[in-house]
Amino acid sequence: MAVQDLFRMEQTILITGGAGFIGSNFVLQWMNCERTPVVNLDKLTYAGNPRNLKPLSGNASYIFQQGDICDRELVRRLLERHRPRAIVHFAAESHVDRSIRGPDDFISTNVTGTFSLLEETRAYLSALPAENRSRFRFLHVSTDEVYGSLGLEDPAFCETTPYAPNSPYSASKAAADHLVRAYHHTYGLPTLTTNCSNNYGPFQFPEKLIPLMILNACQAKPLPVYGDGQNVRDWLFVEDHCEAVRTVLAKGKVGETYNIGGYSEKKNLEIVETVCSALDELRPNDPVVPHNNLITFVKDRPGHDRRYAIDARKIHRDLGWKPRETFETGIRKTIQWYLANDEWLQSVTTGAYHQWVATHYS
Ligand code: NAD
Ligand code: DAU
């Protein structure tokens, strides 16, 4: 084997779900900052979009492989062929409302898919020379939702908060987190887990709160707020999340988990009002202005968690990461990105999207 091929293998990372919202931001940031080879394994479900990674076409350091993380044969072949030094595992079914309507895919991808990656990684590592094995990392990207729901006065989730997932989505992510923990504890797999709060930013599929509100407001459609709109989430700009994941990969202690958050708790109604007033300024000629006239309270999400909040002191103290964006700067960038990327929005809001909206909000 040529020396440059060996070098390439020692540098390569395998990303799963790199065509989704956070994954594609991560791949783009990685290629910009780290510039080492990436193999991206993505099934291209409705949430995956290879257009997001168009700037990388022709880049010899970027390889895209369409496929399912549950396909053990495929995962094995990719590990054997590319011999990555790390796996960064983003692939998941990620939408809580879809998990309530149909949990099957969540169990398959989030639980069985993670299990399949862990098993193939275990086999791959057992055949690696000791030096490469000790350098290897399996970074599992998870969510703050595994911790359940907080009351308004409760302290924020920290890494030792007991798990109490409430939706099929969060239960499937919690199951995956536990498998990752067990593979470290039992087999010594060099794992890292991150639990992050709500992301927002470019490339987020417009079924999630912020892009849905931007899209509907521009089209003078109702802005559906669940229940009383007083549920609280912590919001983090996606590029900050990607930077945090890179930091954990580079400096995280094997077997540890790290909470990642934006120090930015907001009520849903506040988020929608913020989007509306930014649009009043940026699009004063829309058919309905002020845009908040479009706010419509709709039936609540079943089992809707009241509040999430993240205590992100550990990653700051131990690894030196904290977010760069405030919510005010991040939301501005996000809205401007959606307004400037109408073509992208059109391409993802196909018939299947309209069918989801029609079924879910009818
Ligand atoms: P997303 O739904 O936008 O993207 C998921 C990606 O995974 C898509 O590209 C999809 O095609 C791919 N995928 C789905 N099933 C697959 C399978 N079986 N095999 C291979 N690829 C598959 O999700 P996201 O919002 O980018 O979230 C990424 C990860 O981050 C998830 O693990 C999620 O739980 C976690 N997370 C998300 C947030 C958030 O606010 N979005 C916050 C914290 C953690
Ligand atoms: O907390 C991290 C999680 O954040 C991630 O693990 C998930 O993958 C991600 O989807 C997100 O989950 P949420 O359920 O918090 O995100 P969503 O954008 O679906 O909803 C945010 C809040 O807004 C939630 O309280 C429900 C509410 N909402 C959502 C939609 C789509 C509405 O009021 N109306 C809506 O139409």
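Strand 5 (137–143) gives the most to the shell around ligand 1, with 3 residues. Here strands (E, at least two residues) and helices (H or I, at least four) are DSSP runs, numbered from the N terminus. The model is predicted: local features need pLDDT of at least 70, side-chain atom pairs count only at pLDDT 80 or more, and totals for chains, interfaces and linings use all residues. Residues are numbered from 1 along each chain as its sequence is written, chains are lettered from A and ligands numbered from 1 in the order in which they are written, and side-chain values use heavy atoms, with hydrogens and water left out.

The shell holds 28 residues, and Ile22, Asp42, Ser94, Tyr169 and Lys173 come nearest. A residue is near a molecule if one of its heavy atoms lies within 4 Å of it. By class, the shell divides into 12 nonpolar, 12 polar and 4 charged residues. Ala, Val, Leu, Ile, Met, Phe, Trp, Tyr, Cys and Pro count as nonpolar, Asp, Glu, Lys and Arg as charged, and the others, Gly among them, as polar.

The side chain of Lys173 places an N or O atom 2.6 Å from an oxygen atom of ligand 1. A polar backbone atom of Gly20 is 2.9 Å from an oxygen atom of the ligand. Thr109 has a polar side-chain atom 2.9 Å from a nitrogen atom of ligand 1. Taken alone, ligand 1 exposes 840 Å², and the protein buries 96% of that. Such areas come from the Shrake-Rupley method with a 1.4 Å probe.

Ligand 2 is surrounded by 24 residues, and the closest are Asp144, Tyr169, Arg301, His304 and Tyr361. The shell around ligand 2 has 10 nonpolar, 7 polar and 7 charged residues. Strand 8 brings the largest share, 3 residues. Helix 4 (96–101), helix 8 (209–218) and strand 8 (223–226) each supply at least two.

Oxygen atoms of ligand 2 also take part in polar contacts. One lies 2.8 Å from a backbone N or O atom of Leu209. A polar backbone atom of Tyr226 is 2.9 Å from an oxygen atom of the ligand. For Glu145, a polar side-chain atom lies 2.9 Å from a ligand oxygen. Ligand 2 alone exposes 690 Å², of which the protein buries 95%.

Helix 2 (residues 21–33) also meets helix 9 (residues 238–251): their axes come within 9 Å and cross at roughly 65°. Axes are lines fitted to C-alpha atoms over the stretch in contact, and angles run from 0 to 180 degrees between N-to-C directions. The crossing is right-handed, that is, the near helix is turned clockwise from the far one by less than a right angle. Contact (heavy atoms within 4.5 Å) involves residues including Phe21, Phe26 and Trp30 of helix 2 and Val238, Val245 and Leu249 of helix 9. The contact residues divide into 9 nonpolar, 3 polar and 3 charged.

Two loops carry backbone features. Arg35, in the loop between helix 2 and strand 2 (38–42), has phi near 60°, a positive value in a residue other than glycine. A cis peptide bond joins Val289 and Pro290, with omega about 0°. Pro290 is found in the loop between helix 10 (268–282) and strand 12 (295–298).

Key
A polar contact is a pair of N or O atoms within 3.5 Å; within protein, one must be able to donate a hydrogen and the other to accept it, and residues adjacent in sequence count only if both atoms are side-chain atoms.
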